[in-house]
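Subject: A structure for you to explore

Hi there,

Here is the structure I promised to pass on. Have a look around it first, and then read my notes below.

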Amino acid sequence: MSQASGTRPYDALLAKGEERKRRILEVAQRLLGRNGWRNTTLAQIAAEAGVTPAGLLHHFESKAQLLHAVLELRDADDDEHADRTGDILEQLENVALRFERSPEQVRMFTVLQAENLEPDTPLHDRLLFRYHAAVETVAEGIRRGQREGRFRSDLDVAAKAVEVIAFINGMETSWLLDPSIPLVPVFREYTRSLERELSRGVVPCATGSQ
């Protein structure tokens, strides 16, 4: 017998498996943001995702693997919306939009970061690496502005980049505590203040001759 054209049973099974995996990750993200990794069990995640514990372990072999997968999903979302070669000030102002676009991811990341401060915690190394990468991204954005003649050349770029990331991390916690904070105006004002500091004393290039 010849098989009619269309989706093959195995393709449908794969698609269903990916859908179930995505559901597990979404539930894990929500529960981790609410309870943290210490107080969230695989059994709880499986029950809320509508799968058996064995079904969950088919996709994720351990709790540690699931934790890393949830962070990978968050990192992929960041990478999709970030322009790491663009204007650093514009990118900073747009961080407020990420908060509003993915509040569950912001909550989950903030909770996991607070829970993994010690070197022997399961996500410490990964989060520390991500932190250093974020600081370097900001630092390179400032250096790019210096090369273009937009920013002062006498800045301590590394220290300023640490400050910017500290502002973002602090705003994540503050906003989770008080969602009424007007994110867009706050980020806009900080960005404008940062721009004034970065460009203080820089003489704009002439656009034409008289």
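**What helix H8 packs against**

The buried residues of H8 pack against helices H4 (63–81), H5 (88–101), H6 (103–115), H7 (124–147) and H9 (183–198). Buried means under 20% relative accessible area, with a 1.4 Å probe and protein chains only, and contact means heavy atoms within 4.5 Å.

Please keep in mind that this is a predicted model, in which local features need pLDDT of at least 70 and side-chain atom pairs count only at pLDDT 80 or more, while totals for chains, interfaces and linings use all residues. Residues are numbered from 1 along each chain as its sequence is written, and side-chain values use heavy atoms, leaving out hydrogens and water.

The protein chain has 9 helices and 0 strands; helices are DSSP runs of H or I with at least four residues, strands are E runs of at least two, and both are numbered from the N terminus.

Among the buried residues of H8 are Val-157, Val-164, Ile-168 and Trp-175. Seen down the helix axis, the buried residues fall within an arc of 160 degrees, so they line one face of H8. That arc is taken from the directions from the axis to the C-beta atoms.

The largest nonpolar core has 27 residues, and Phe-99, Ile-168 and Phe-187 have the most contacts inside it. Such a core is a set of buried Ala, Val, Leu, Ile, Met, Phe, Trp, Tyr and Cys residues joined through side-chain atoms within 4.5 Å. H8 gives the largest share of this core, 9 residues.

Enjoy exploring!

Note on methods
Buried < 20%, exposed > 50% of the residue type's maximum accessible area, 1.4 Å probe, protein only.
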